[in-house]
Amino acid sequence: MKDRESIPKATIERLPLYYRCLDKLANFEDVDVVSSKDLGGRLGIPPTQVRKDLSYYGEFGRRGVGYDVFDLKRSVGRILGVDEVWTTILVGAGNLGRALVDYKGFEKMGMKLVGVMDADLSKIGNKIGGVEVQSIKKMDEIVSENDAKLGIITVPTDAAQEVADEMIESGIKAIWNFAPTRLHVPEDVTVRNEDLAIGIVSLIYHLSWKKRDEEEGK
Ligand SMILES: NC(=O)c1ccc[n+]([C@@H]2O[C@H](COP(=O)([O-])OP(=O)(O)OC[C@H]3O[C@@H](n4cnc5c(N)ncnc54)[C@H](O)[C@@H]3O)[C@@H](O)[C@H]2O)c1
């Protein structure tokens, strides 16, 4: 494997796409061998890019034959770390929190939800996606009992930093943040911000410029 620091961020972000596609090929389409052209074609990624991305991590597949789907899925899974179970907590059992807890697809990516917490007393004891909502006061206990390292934040913006601080204090090392705000965290904590509004606004931007061009007869 190449020096980890030299691997482009874009390559790392494509790995989960390869993994999901390989999982589909192996488990739902019974495909044994796949070429970089076919794998890339399914994802809209040029085959040269597929080969380059994988080459950062070693030698996979055989020239002229392709990749063994099962082997490559296992290798990419290992590279990503999704072959392990990552115990996870979620804070904020509201609309978005509920939707995320209900989605079972994350389990395939190694995520195991061990606790859902909220500050609203009326929500404590309710079950969402089969998981009982617990008090935010139980965070330390839940994190240490389950050795949780991953935290998901689905609270309103003004509560996000406070929740992040509590998570870090209790031992969480990676945060998936859905609140549209920048979190301040120590260097050894990784944050991924998922700002859903950015996606829709960028679509609206394109629609709006197309409309303006049409109005001007361009
Ligand atoms: N709902 C969506 O589709 C959506 C889309 C984009 C972004 N978001 C963002 O996700 C976050 C949640 O949105 P939502 O629609 O689910 O809100 P919501 O109001 O339905 O849920 C928020 C939950 O957080 C809990 N909460 C508030 N403060 C807390 C604290 N200090 N500790 C623990 N729990 C606390 C509330 O009791 C509530 O259950 C917001 O930051 C929002 O901007 C939501």
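Two residues are taken to be in contact when their C-beta atoms, placed from the backbone, lie within 7 Å, and the views below show a predicted model.

**View 1. Leu96 and its contacts in the predicted model.** Leu96 lies in helix 5 and, once its neighbours within four places in sequence are left aside, is in contact with Thr154 and Phe178. With 18 other C-beta atoms within 10 Å, Leu96 is partly exposed.

**View 2. Gly92 in the loop between strand 3 and helix 5.** This loop joins strand 3 (86-91) to helix 5 (95-102), and Gly92 has its place there. Because 26 other C-beta atoms lie within 10 Å of its own, Gly92 is buried. Leaving aside its neighbours within four places in sequence, Gly92 is in contact with Gly97, Asp118, Ile153, Thr154 and Val155.

**View 3. The buried side of helix 7.** Helix 7 (residues 157-170) has 14 residues and reaches 21 Å from its first C-alpha to its last, which is close to the 20 Å expected at 1.5 Å a residue. Its buried residues include Ala160, Val163, Ala164 and Met167, and these cover an arc of only 110 degrees around the axis, so they are on the same side of helix 7. An α-helix has 3.6 residues a turn, so residues three or four places apart point the same way. The buried residues of helix 7 pack against strand 3, strand 7 (150-153) and strand 8 (174-177).

**View 4. The opposite face of helix 7 and the residue after it.** Asp158 and Glu169 are exposed residues carried on the face of helix 7 turned away from its buried side. Gly171 follows helix 7 and has a positive phi, near 120 degrees.

Terms used:
Residues are numbered from 1 along each chain as its sequence is written. This is a predicted model: local features need pLDDT of at least 70, side-chain atom pairs count only at pLDDT 80 or more; totals for chains, interfaces and linings use all residues. Helices (H or I, at least four residues) and strands (E, at least two) are DSSP runs, numbered from the N terminus. A residue is buried if 20 or more other C-beta atoms lie within 10 Å of its own, exposed if 12 or fewer, and partly exposed in between; C-beta atoms are placed from the backbone. The expected span of a helix is 1.5 Å times one less than its number of residues. The arc is that of the directions from the helix axis to the C-beta atoms.
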